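This briefing covers hairpins, a sheet and helix packing. The sequence and the model come first.

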Amino acid sequence: MKSITDELVCYATCINNSELLPMILFFIGASLLLFMFYMKTQTPIHRIISFAGAQTSMVGAIAATFSTMECSRMFTIEVYLAYVSISTGIMIFLPGLYYKILIKRHNARPISEIVDWADEFVNTLANDSQVYYFDSAIPKAFASGKTIFVSVGMLEIFNEQELKAVLAHEAWHLRHNNKTPILRQLSLMTFTKYRPKQELELMADRFAEEIVGKVPLESAREKLI
Amino acid sequence: MVKVDRINISNEGLTKFFSPIEAQIMEVLWENDEMMTSEITKKTNIPLSSVAGTLDRLVKADFAKRKVDKNGQRIRYIYSATTTANNAANAITTRILDSLVDTFGAVAIENFSNYKKNK
């Protein structure tokens, strides 16, 4: 086992002597360029793709750096690989279980008990999904796994069209919930902030607008301000 | 938070025991049998964004109760106070007296007695 200082010297020596140095520099350069594009572009889909691309290039640079190491039993590599394995496992398996914890925590009930059209509407947008409601006066909706949660406070203030706008927004999240953990995982692997949340919300809004139109979406938004 | 356990004796009226919004809502609930959220916001003139969280806290603290009511396609909460204003005053007073006796024992009891005589 080496000290951290020894490991840093080892990294510098191995990278300098390695044939992979141009590749590492290429990945870092690509990552910087993609991140600059991410900062410049305004289109949500371009922002998400460039952000994911920048992160992937950083992961490529990290992998290339690790493969240049000639020393055995590098502590930092072992720690990083353990961190990546554990966080990947959590990111993959948690969404499939977390909705069950949320149902229990909020004491949520199937929405079919009080609203007859919601499950059918959401299933036309995201297969095998379900809608639950929970006891709170605060207007709130969120999605987890294959489930959308809506508070009674939201059911209170929204009419049917506005509620459809909210459900369509959340259904977009359900349709893409296999991709968002990848974005989160890339951020974890590169130790950077998870940024695309705003873009994802914008894309979900656009999808809701396609389904129910602009008016209900905007009036729903106004009621939440 | 509903703060019967954190009394502020320098405040006026019910705000000794409740936050100003909680006090306004409780007064409305004590004056009326059953109220919808929209009626509470109208009577108190407090926006929904402030009322909603406070109602959740009052229900959790058992000062208010609510049921989900379905009127046609519309869902709404119907609120009511869990107890009358007098019963709530009684419960709050008992808790305060218990606390004073716990802390000051005979001195507190003697003071209650003097207070009653002076009244």
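In this predicted model, strand 3 of chain A and strand 4 of chain A form a hairpin with two residues between them, helices and strands being DSSP runs (H or I of at least four residues for helices, E of at least two for strands) numbered from the N terminus. A:Gly145 in the turn has a positive phi of about 60°. Residues are numbered from 1 along each chain as its sequence is written, and chains are lettered from A and ligands numbered from 1 in the order in which they are written. Because the model is predicted, local features need pLDDT of at least 70 and side-chain atom pairs count only at pLDDT 80 or more, while totals for chains, interfaces and linings use all residues; side-chain values use heavy atoms, with hydrogens and water left out.

**Hairpins**

- Strand 3 (residues 141–144) of chain A and strand 4 (residues 147–151) of chain A run antiparallel and are joined by four bridges; two strands pair if DSSP finds at least two bridges between them.
- A:Phe142 has A:Phe149 of strand 4 of chain A as its bridge partner.
- In chain B, strand 2 (residues 64–71) and strand 3 (residues 74–81) pair in the antiparallel sense over eight bridges.
- These two strands of chain B also form a hairpin with two residues between them, and B:Gly72 in the turn has a positive phi of about 65°.
- B:Asn71 stands opposite B:Arg74 in strand 3 of chain B.

**Sheet of chain B**

- Three strands of chain B make an open sheet in the order 1-3-2, with antiparallel pairing.
- Strand 1 and strand 2 of chain B are at the edges with a single partner strand each, so one side of each has no neighbour in the sheet.
- B:Lys67 stands opposite B:Ile78 in strand 3 of chain B.
- Helix 1 of chain B packs on the sheet and touches strand 1, strand 2 and strand 3 of chain B, where contact means heavy atoms within 4.5 Å.
- The direction of helix 1 of chain B makes about 90° with that of strand 3 of chain B; axes are lines fitted to C-alpha atoms, for helices over the stretch in contact, and angles run from 0 to 180 degrees between N-to-C directions.
- Helix 3 of chain B also packs on the sheet, touching strand 2 and strand 3 of chain B, and its direction makes about 120° with that of strand 2 of chain B.

**Helix 1 of chain B**

- Helix 1 (residues 20–31) of chain B has twelve residues and reaches 17 Å from its first C-alpha to its last, close to the 16 Å expected at 1.5 Å a residue; the expected span is 1.5 Å times one less than the number of residues.
- B:Glu22, B:Ala23, B:Ile25, B:Met26, B:Val28 and B:Leu29 of this helix are buried (under 20% relative accessible area, with exposed over 50% and partly exposed in between; 1.4 Å probe, protein chains only).

**Helices of chain A**

- Helix 3 (residues 44–68) of chain A has 25 residues that should span 36 Å, and its end C-alpha atoms are 36 Å apart, which agrees.
- Helix 3 of chain A is mostly covered, with 18 of its 25 residues buried.
- The axes of helix 1 (residues 4–17) of chain A and helix 3 of chain A come within 9 Å and cross at roughly 95°.
- The contact involves A:Tyr11, A:Cys14 and A:Ile15 of helix 1 of chain A and A:Thr65, A:Phe66 and A:Thr68 of helix 3 of chain A.
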